[in-house]
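Here are some notes to read alongside the model, written for someone meeting it for the first time. Please keep the view open and follow the points in order.

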Amino acid sequence: MLRFTLQRLLTGIPTLLVLVAGAFFLMRAAPGGPFDRERDLPPEIEANLRRAYHLDEPLLQQFLHYLGNLLRGDFGPSLQYRDFSVSELIRAGFPVSLHIGALAMLLALLIGVAAGTWAALRQNSAGDHVVMAAAMTGISIPNFVMAPLLVLLVAVGLGWLPAGGYGGGAWRHLVLPVTTLALPQVAYLARLSRASMIEVLASPFIRTARAQGLGLGTILLRHALRPALLPVVSYLGPATAAVITGSVVIEQIFGLPGIGRFFITGALNRDYTLVMGVVVFYGVLILLCNFLVDLVYGFLDPRTRQPG
Amino acid sequence: MSTPLLEVTGLAVRFDTRDGPVHAVRGLDLSLAAGETLGVVGESGSGKSQAVLALLGLLAANGRASGRALFEGQDLLALDEAALNRVRGSRIGMVFQDPMTSLNPCLSIGTQMGLVLAAHRGLGRRAASREAAAMLDAVGIPDPARRLRQYPHELSGGMRQRVMIASVLLCRPALLIADEPTTALDVTVQAQILALMRELRERFGTAIMLITHDLSVVAGLADRIMVMRRGECREQGSAGEVFHAPRDPYTRALLAAVPRLDGPLPVPPAVVPSQAGPLLRARGLQVGFPVRTAGFGRRRVLGAVAGVDLELGPGEVLGVVGESGCGKSTLGRALLQLVPVSAGTVSFLGRELTRLPRARLAPLRRDLQVVFQDPLASLDPRMTVRDIVAEPLETFEPAQGAAGHTRRVAVMLERVGLDPVHMNRYPHQFSGGQCQRVAIARALITRPKLVVCDEAVSALDVSVRAQILGLLLDLRQKLGLSLLFIGHDLAVIRQLSQRVMVMYLGRVMEVAPAVELFTTPRHPYTRALLAAAPVPDPAVERGRVRTGLPGEVPSPLSPPAGCVFRTRCPHAIPACAAAVPALSRHGGAEVACIRVDAIQAENTVNSAN
């Protein structure tokens, strides 16, 4: 187990390195720089600024410099919010993003798997078709369309919920962003768990369980759920990534003070260090989530467990 | 006469499909007394499985059952799900064919057995695991407490079937239904499971319904036998009656089609005198597959074939027999250079094949053909039969042109017993036996010198199998083919082969002329195989003294040192572990055993007494 963990963590390093390099050079390839303003700064001042942030060095050297700092856990100072370091900004924004993201994932899992199982039990019935059609719609509507629609309907039209803001994490402020973020995942997970539940329910060991006179509840929960969850669990890694990218948009639309907002403003302002910091942070997060998924997978399916 | 335990009258099963209703079972009557064993025999499509699934309410969603099935005073077919659940698993237990897929791979053995005990006897965790352990012990599973924590994939096939039987017996059912319980198992393991069922029947007094396609399996176990065909009962009677005085023509045909180990040997066709040595010769042939075992980076080599010498004369049929994992299929593929050979040589008509580059090997392939086990899977579903059979011609005789090829295909199809009119059909439009005929036609169209038949008749029904065997024998004689006939069924091998090679864990145990091998088997493994194979004759089966092999074939990843068979051999002595025994000549046979003479002497003493 220890060996497996170590191995998994080690294989994450090259992935991260590629990610960092890709983001770094892409960012630099974009036209403009962090100190471009409508009114040009005097050239001496800009040169001084550039020197202070090592932006005058050759690109490769800058990259190595950045990597060196990264190894010490230093994301560097933000080029835009000059009084804060990138780490401080992430520390401030992450709890908000985590709160919304985790709630969205939880919601997606519960509703998605339940709806998928429900549909699987009524394969090809009207109810099944309705659920699957709804899921297809959920997948095909992008969240930047869904968000304003929900705001218009629920917040502006009906006036039930606030249209934006975090409100210190009050539930009224969370409902819309979490729903928007979760919807495509609910839909995808419903389709996924329906398909895998149908397959599992048709397998010989379910027939054995029925021949043993077990009730439907026992068969579903004790026999079918675990194997049916396997494809669902392996999708959770990509789902985390989808929720994270989704949150970047959602936070902007609902005006939530999460990391996603920093990412967008950072990218627009060519705040190199801030964008890099968010990319690396989320990269590590996604790798960790995928690692967790592998662990859960091993728990669910004893055949993949590593001995010793 | 007391009321029967189960009385079925007018059972019919219908499936509503897109192409209209399919009647799987039509008006079946049967009755079973408490403690009685009924063998239900039939070929695929006979409705034997659907009939029992209907009794337990386990039909597929589009299936409908009608009729009456009185069991302990209730009509099973009229019960709702809840009432049925009180009978299933409690009063009637069912064991299915494939113990791998019939157990939940994600739950430990203990959990699966515990769920049954909780549902029917309301036992808590601790009491359930005590009961389960006791039952595992009763079905001959050593160290039951540890097994309860294990998962199905950690157990061997035979163990899994024991677990299945144990979980069915937990609630002491009055009736045990076993649907092909030994079909997925090796012959020595099959003998163990059949012995176990006999023993449990004595001990618990359970009535058994044993469903099988294999008449030999029911011969030793069933009191009464029912023969089914196309959803109807063709004949029902005591085992003795059905086997010795069958009234129904279908039963007679079925019995005649079963190859018997104890019947008269088919007259071995004369071997064409060899002109220039053997057709095919292998020396020290080894095939290893690198496998990644659990953990990381530790690559090991699985020695599928570990040093095999072999010779095959022109026109000769060599049977290769052994249990799963013995390397017989790999051997066949290695001889044809279909898998890379790790060491040793293969020569065909004196030409060394193993080091031959691909381009030089290709022209030789027209003389080296193969027929595989699964007829449907080995034919391209998107090609017509004409194109499938003509494909080798397009490779080797392109000059003939399409019209010429079609003519050749028509002749060949006729030869293998298919109507050439159907040559534009696709494989799925044919039955399994017909597909195998197509595969044989494809193999023979280039007039090869050697055909490797890898379990070529194993997937076929008994009567179809007999036809295909007849066809192969006939073609061999007419065309002067050499056959390497690979199989696990001794009785089938015996019908066809002039010489037989017995393999175990990648090594040859014994090679002998067929007559000699079946009359005086010398290697302890050959003897065990022959002893384990059931005979389709109740009188013989019941009179047999059973000395089954213990355990199962060890993992080929870590074969025992020295003689690979010694861990299961009743005659093993410490010296057997010292070295791999070489083949040595005894009479007409070559045997790899250092104890041959001692065993022979022992036997003469025993039979003299």
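**Notes on the model**

1. Helices (H or I, at least four residues) and strands (E, at least two) are DSSP runs, numbered from the N terminus, and two strands pair if DSSP finds at least two bridges between them. Within this pair, B:Leu318 sits opposite B:Leu484 of β18(B).

2. Before going further, a word on the source: this is a predicted model, in which local features need pLDDT of at least 70 and side-chain atom pairs count only at pLDDT 80 or more, while totals for chains, interfaces and linings use all residues. Residues are numbered from 1 along each chain as its sequence is written, with chains lettered from A and ligands numbered from 1 in the order in which they are written.

3. Back to β13(B), which also pairs with strand β19 (residues 499-504) of chain B, in the parallel sense and over 4 bridges. Here B:Val321 is the residue opposite B:Val502 in β19(B).

4. Is β13(B) buried or exposed? A residue is buried if 20 or more other C-beta atoms lie within 10 Å of its own, exposed if 12 or fewer, and partly exposed in between, with C-beta atoms placed from the backbone. In β13(B), 5 of the 5 residues are buried, so the strand is largely enclosed by the rest of the structure. In a regular strand the side chains alternate between the two faces of the sheet. For β13(B), both faces are covered, with B:Val317, B:Gly319 and B:Val321 buried on one side and B:Leu318 and B:Val320 buried on the other.

5. Two residues are in contact if their C-beta atoms, placed from the backbone, lie within 7 Å. Leaving out residues up to four places away in sequence, B:Leu484 touches B:Leu312, B:Leu318, B:Val320, B:Gly332, B:Leu335, B:Leu450 and B:Val452. A nonpolar core is a set of buried Ala, Val, Leu, Ile, Met, Phe, Trp, Tyr and Cys residues joined through C-beta atoms within 7 Å. The largest such core has 190 residues, and B:Met209, B:Val389 and B:Leu484 have the most contacts inside it. A second, separate core of 60 residues includes A:Leu192, A:Met197, A:Leu220 and A:Ile253.

6. B:Asp367 lies in the loop between α12 (358-361) and β16 (368-371) of chain B. It counts as partly exposed because it has 17 C-beta neighbours inside 10 Å. Not counting residues up to four places away in sequence, B:Asp367 touches B:Pro448, B:Lys449 and B:Leu450.

7. Chain B also holds an open sheet of 6 strands in the order β6-β7-β8-β3-β9-β10, with mixed pairing. β6 (92-95) and β10 (232-238) of chain B stand at the edges with a single partner strand each, so one side of each has no neighbour in the sheet. β6(B) pairs in the parallel sense with strand β7 (residues 175-179) of chain B over 4 bridges, and B:Met94 is opposite B:Ile177 in β7(B).

8. Chain A has 11 helices and 0 strands. Of its 308 residues, 32% are buried, and its C-alpha trace spans about 85 × 60 × 30 Å along the principal axes.

9. How do two of those helices pack? Helix α4 (residues 86-121) and helix α10 (residues 259-268) of chain A pack at an angle of about 125 degrees, with their axes 7 Å apart. The contact uses A:Leu89, A:Ile90, A:Gly93, A:Phe94 and A:Ser97 of α4(A), and A:Ile259, A:Gly260 and A:Phe262 of α10(A). Axes are lines fitted to C-alpha atoms, for helices over the stretch in contact, and angles run from 0 to 180 degrees between N-to-C directions.

10. Where the chains meet, 25 residues from chain A and 26 residues from chain B take part. On the side of chain A that touches chain B, α1 (2-29), α8 (204-211) and α9 (216-254) of chain A each supply at least two residues.
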